[in-house]
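Visitor: I have a structure open and would like to learn how to read it. Could we go through some features one by one?
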Amino acid sequence: MAEIREIVQEGDHQFTMGPYAEPVARVADGETVTIYTEDAFGGSITSEDDVPSESLGPYLNPQTGPIFVEGAEPGDTLAVKIEDIEFTRDWAASCLVPFFGGLTSTNLTATLQEPLPERVWKYQIDGDVARKGDWEIPVRPFVGTIGTAPAIEARSALSPGDHGGNMDVPDTRPGNTVYLPVRADGALFYTGDCHVAQGQGELCGVALEVSAKVTVTFRIIKGRDILWPRIESDEHIMTVGSARPMEDAARIAYAELVGWLTEDHGFEKFDAYQLLTQVGELYVGNMVDTVYSLVARCPKRHLPD
């Protein structure tokens, strides 16, 4: 078996996802690599005594990348099989950040409310659980941020969108394949922000954040142009929509799923609409970022053989 190459960020991590940074590595179509990622805090929170507003720098969510995939061109799709996520430390952290989260004032939902108190929770990772006092949180690792470069924009690594980005959807996990649009030569892939676990919605805005090694396999689907990220597991096909208001994110996700059923699985459009009305699944990945991410799913058992 060929040795798997490791990719470590040379120099500073990226805090935007765009077509302008020099690639940190070049990979071949079909190649499997292991990518070292930093946590969403850039490693700046290590203790429950830390005060987030004093510890955090001006930018959050450092990304490893861009990674240039040889042969990927605009109009293709980049399929990224997440093979494994291995934590590089035995603890994870979550916290309350001023004016950030699902149940507080934010810069996009402004009120005269004072910020919530700043607190840090540190969890010990022990096998398949993360412990904090009497709490035992099942370990369900996934990649919070994963995406390709937009064609001309540089998007904040905190923002999800049609390029992927900070979607924070738990189905970007080992065993699943993430399909991303290619809009720049080489696709220019970025990832980071691994989570030990996260509930649907990422309510306070901060999951169980951890540094990790992410092993992925890249595959190019030539001439396949998708508009929004897609995910495939053994049980489901899924589409991700990111927008505000939240119902627009839901509409994007379900409209894209209708399209997937008609393009690849032989459904007439309104039959697909009807089927998803009865068997479709929908959940909130994040309700806290610049825009919200929702996942629409169709169980594979309803697809034709």
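Visitor: Is Trp 135 buried, exposed or partly exposed?
Guide: This is a predicted model, so every value here is computed from it. Trp 135 has 44% relative accessibility and therefore counts as partly exposed. Buried would need a value under 20%, and exposed one over 50%.

Visitor: Which ring does Trp 135 pair with, and how are the two planes set?
Guide: In this model 4 aromatic pairs are counted. In one of them, the rings of Tyr 123 and Trp 135 have centres 6.3 Å apart, and their planes meet at 35°, so the pair is tilted. Tyr 123 belongs to strand E8 (residues 120-126) and Trp 135 to strand E10 (residues 135-138), so the pair ties together parts 12 residues apart in sequence. Tyr 123, at 8% relative accessibility, counts as buried.

Visitor: Where does the pair of Tyr 179 and Trp 260 sit, and what is its geometry?
Guide: Tyr 179 and Trp 260 form an edge-to-face pair, with 6.1 Å from centre to centre and 80° between the planes. Tyr 179 is in strand E15 and Trp 260 in helix H2, so to speak of the chain, the pair links distant parts, 81 residues apart. Both Tyr 179 and Trp 260 are buried.

Visitor: Which charged side chains lie over the face of a ring?
Guide: Arg 26 lies over the face of Phe 68, at 3.9 Å from the ring centre. Lys 122 lies over the face of Trp 91, at 4.4 Å from the ring centre.

Visitor: What is the strand order in the sheet that holds E8 and E10?
Guide: The order is E7-E8-E9-E10, an open sheet of 4 strands with antiparallel pairing. Strand E7 (91-95) and E10 are the edge strands with a single partner each, so one side of each has no neighbour in the sheet. Neighbouring strands here are turned by 30° against each other on average, direction ignored. Within the sheet, E8 and strand E9 (residues 129-132) pair antiparallel over 3 bridges. Ile 125 has Ala 130 in E9 as its bridge partner.

Visitor: And how many strands form the sheet that contains E15?
Guide: That open sheet has 9 strands, in the order E1-E4-E17-E6-E15-E18-E19-E21-E20, and its pairing is mixed. Strand E1 (5-7) and E20 stand at the edges with a single partner strand each, so one side of each is left without a neighbour in the sheet. E15 and E18 run antiparallel and are joined by 3 bridges. Tyr 179, the residue from the edge-to-face pair, has Arg 230 in E18 as its bridge partner.

Visitor: How should I read helix H2, and what does it lie across?
Guide: An α-helix has 3.6 residues a turn, so residues three or four places apart point the same way. Helix H2 (residues 246-264) has 19 residues and reaches 27 Å from its first C-alpha to its last, close to the 27 Å expected. H2 lies across E15, E18, E19, E20 and E21, and runs at about 145° to E19. Its buried residues include Ala 249, Ala 250, Ala 253, Leu 257 and Trp 260. The buried residues of H2 pack against several elements, among them strand E19 (236-243), helix H3 (269-279) and strand E21 (292-299).

Visitor: What does Leu 227 touch beyond its sequence neighbours?
Guide: Leu 227 lies in the loop between strand E17 (212-221) and E18. Leaving aside neighbours within four places in sequence, Leu 227 is in contact with Asp 162, Arg 183 and Glu 256. Glu 256 is one of the buried residues of H2.

Visitor: Which peptide bonds are cis?
Guide: Most residues other than glycine have a negative phi, and most peptide bonds are trans. The bond from Gly 65 to Pro 66 is cis, with omega near 0°, and Pro 66 is in strand E5 (residues 64-69). Another cis bond joins Arg 244 and Pro 245, with omega about 0°. Pro 245 is in the loop between E19 and H2.

Visitor: What is the phi of Asn 61 and of Asp 168?
Guide: Asn 61 is not a glycine, yet has a positive phi of about 70°. Asn 61 sits in the loop between helix H1 (52-55) and E5, and is buried at a relative accessible area of 1%. Asp 168, also not a glycine, has a positive phi of about 55°. Asp 168 is in the loop between strand E14 (164-165) and E15, and is buried at 2%.

Methods:
Residues are numbered from 1 along each chain as its sequence is written. Side-chain values use heavy atoms; hydrogens and water are left out. Helices (H or I, at least four residues) and strands (E, at least two) are DSSP runs, numbered from the N terminus. The expected span of a helix is 1.5 Å times one less than its number of residues. Buried means under 20% relative accessible area, exposed over 50%, partly exposed in between (1.4 Å probe, protein chains only). Contact means heavy atoms within 4.5 Å. Rings of Phe, Tyr and Trp (its six-membered ring) pair if their centres lie within 6.5 Å; planes under 30 degrees apart count as stacked, over 60 as edge-to-face and the rest as tilted. A charge sits over a ring if NZ of Lys or CZ of Arg is within 6 Å of the ring centre and within 35 degrees of the ring normal. Two strands pair if DSSP finds at least two bridges between them. Axes are lines fitted to C-alpha atoms, for helices over the stretch in contact, and angles run from 0 to 180 degrees between N-to-C directions.
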